[in-house]
Amino acid sequence: MSVLVNKNTKVVVAGMTGKEGSFHAGQMIQYGTQVVAGVTPGKGGTTHLDRPIFNTMHEAVAATGADAALIFVPAPFAADSVLEAEDAGIPFITLITEGVPVNDMMRAVNKIKTNGKSILLGGNCAGIITPDECKMGIMPGHIFKKGPIGMVSRSGTLTYEVAWELTQNDLGQTTCVGIGGDPIIGTRFIDALRMFEEDPETKAVVMIGEIGGTDEEVGAAFIKEHMTKPVVSFISGRTAPPGKRMGHAGAIISGKLGTPQSKVDALLDAGAKVADTTSQVAQMVKDSLVAAGV
Amino acid sequence: MKLHEYQSKDLLAKYGVAVPGGKVAENASEAKAIADEFGGKVVVKAQVLMGGRGKAGGVKLFEDSDSAATFTQELIGKRLVSIQNPDGMVVDKVLVGELVDIAEEYYLSVLLDRAEQKLVVMISKEGGVEIETVAEETPEAIVRLHVDPAWGVDDFEVRDSVQRAKIPAPAQRQMVAMIKGLVQVYLKEDADMIEINPVAWTPDGKLLAADAKVSIDENALYRHPEYNETKDDGAEHEIDAEASKLGIAYVNLGGDIGIMGNGAGLVMCSLDEVNRAGGRPANFLDVGGGANAERVKTCVGLVLMDENVKGLLINIFGGITRCDEVARGLLSAFAEMNVTIPVVARIEGTAAAEGLAILEGSQIVGAKSMQEAAAKVVELAYA
């Protein structure tokens, strides 16, 4: 088992004929992901990477039965592409694109929430991977390994850092979910935590947060109230000065909101373990599994 | 990006929000002409994007246009320094505006509520003071109205909020119009923050945005070429401004250990590690996904523009970024720049072995983990 994607997931890639889309779709196919089609307006009827290209999401879904969309289109058109995928009835949409205007994202996220038909992951995220089954994103596949750990993170490269550490310590993963570093995103910590709590294969969860916003605190409240599985967390940007945006549009301490201390305190209060440095995460996960009798 | 007060007020006026009369001037004669339009009774405000500009001597009231012109003359070219901004900023324009009689002061802002994923309009009868103080001392004096951008806002919701904020009845109708105008500005002009403090209620019954702070979502700047020229005016450090021109995510942090890596999370984490090891990070720099050798070289140059930098930490976990490309970029940067400070690199992920092979025999000290790299660079830099 896993969350959101598995070996049966059929992925349509929006922007597959572009430079980045093409490179990553190729990597995904190599990994074994079922990439069934691409969408590029104006290039319908052609093929790329041996996959059919369609002009619209609706055509792609009708022809291939795609049930997941991965979006690589440039920022000015990204939110529109998300809404097109939702309108075409695709239940799971991942937006990789970075730099999408906040108002565009706010509109798309609220529409999707109101309609309640699809789940959006991202934007500005690394995507999602269920090791050995489905890689839907830009992460290097070889650093992941199948196993019992669920992972959710705002940062792409920190996901790689910690996943590699887990893998080297023989702690494989059910699914790793990159939720993205923007202020307005689709799937949030609380959503991913809930999915991992419900997934029978996941035995422990690693949660990687950072400064900015209050989603870690909201996640901590969920852990406290509802989670039976151990959670090991790490918060980055603990020494970042307030008021400075640390690369991610969402990583900024503004006033009293988004401070690392508030996040660490909330997580500790919820019974989660909090690592001071990434190199402690694997050992903490091992200890938690032993303590939980797994 | 933050807009200057004159840009903010022009933008608000475009959406029907009432603002006091005023224009921007770049020299004394322009200032005098504008002041004469208002009978000489004006306020002259330095247009610099820093906090505490009033205390720094950048704002003054005048009774006649000649004094306003003299003050403008003094201000242009001067560097204003405040507690919030010790490096200061040079004034190159001033706003000359009509003096407003104020009977009462209110507060309005439109912000992003990340938790709710909506806009929030904040309305208060307590204007003219820091809203943080109001929030702490009398939180009930702030009324919040959430706006879903997919739906917009209806009049009755705004009327209800203004009523709950206890804005006096004669001012309510204008207040509702002003709020609707601000929401339009936020949504149509890609603002990410609008604050009007104070909203002035004049003795003759007019509601005006007496001050205005607007900031525009940087992701949406491609829709607003009109701001290209002033895009970097808010940069607190000259290297910040240079980085913004080059499109590189760089933040100067004032320390002496230069840091660059790929991915915001990893770089943030690297600066935490440098701090843990007892070092003082000089900067945040994300080379970005899929950086090639040329870009890596540009990034090294940017970090080394800061003369305080005594050591350089490079932390790369290659995903889309290829470590051999990074290594080539580093070597060519060092070949050109005559770098004498210690450099420690931690390179992992895609093509790491090739990358390390390229760096073999160079001045770059290798490290196996981010923690080890941070400890090494701090040790070497402070030796």
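1. Gln174(B) sits in helix H7 (residues 169–188) of chain B, where helices (H or I, at least four residues) and strands (E, at least two) are DSSP runs numbered from the N terminus. With 32% relative accessibility, Gln174(B) counts as partly exposed; buried means under 20% relative accessible area, exposed over 50%, and partly exposed in between (1.4 Å probe, protein chains only). Leaving aside residues up to four places away in sequence, Gln174(B) touches Trp201(B), Gly205(B), Lys206(B) and Leu207(B), a contact being heavy atoms within 4.5 Å. The C-alpha atoms of Gln174(B) and Gly205(B) are separated by 9.6 Å, although the two residues are 31 apart along the chain.

2. On provenance, this is a predicted model, in which local features need pLDDT of at least 70 and side-chain atom pairs count only at pLDDT 80 or more, while totals for chains, interfaces and linings use all residues. Residues are numbered from 1 along each chain as its sequence is written, chains are lettered from A and ligands numbered from 1 in the order in which they are written, and side-chain values use heavy atoms, with hydrogens and water left out.

3. Chain B as a whole has 13 helices and 18 strands, and its C-alpha atoms fill a box of roughly 80 × 50 × 40 Å along the principal axes. Of the 383 residues in chain B, 54% are buried, and among contacts between residues at least 6 apart in sequence, 68% join residues at least 24 apart.

4. Asp190(B), in the loop between H7 and S10 of chain B, has a positive phi of about 55° although it is not a glycine, and at 3% relative accessibility Asp190(B) counts as buried. Asn338(B) likewise has a positive phi, of about 50°, without being a glycine; Asn338(B) lies in the loop between helix H11 (323–337) and strand S17 (343–349) of chain B, and at 61% relative accessibility counts as exposed.

5. One runs from Asn197(B) to Pro198(B), with omega near 10°, and Pro198(B) belongs to strand S10 (residues 191–201) of chain B. Another runs from Gly122(A) to Gly123(A), with omega near 10°, and Gly123(A) is in the loop between S7 and strand S8 (127–130) of chain A.

6. Chain A contains an open sheet of seven strands in the order S3-S4-S2-S1-S5-S6-S7, with mixed pairing, where two strands pair if DSSP finds at least two bridges between them. Its edge strands are S3 (47–48) and S7 (119–122) of chain A, each pairing on one side only.

7. Within that sheet, strand S5 (residues 68–71) of chain A is covered on both faces, with Ala68(A) and Leu70(A) buried on one side and Ala69(A) and Ile71(A) buried on the other. Four bridges join S5(A) in parallel to strand S1 (residues 10–14) of chain A, and Ile71(A) is the bridge partner of Ala14(A). Four bridges likewise join S5(A) in parallel to strand S6 (residues 92–95) of chain A, where Thr94(A) is the bridge partner of Leu70(A). The chain passes from S5(A) through helix H3 (residues 75–87) of chain A to S6(A) in a right-handed β-α-β crossover, meaning that, with the strands pointing away from the viewer, the path from the first strand over the helix to the second runs clockwise.
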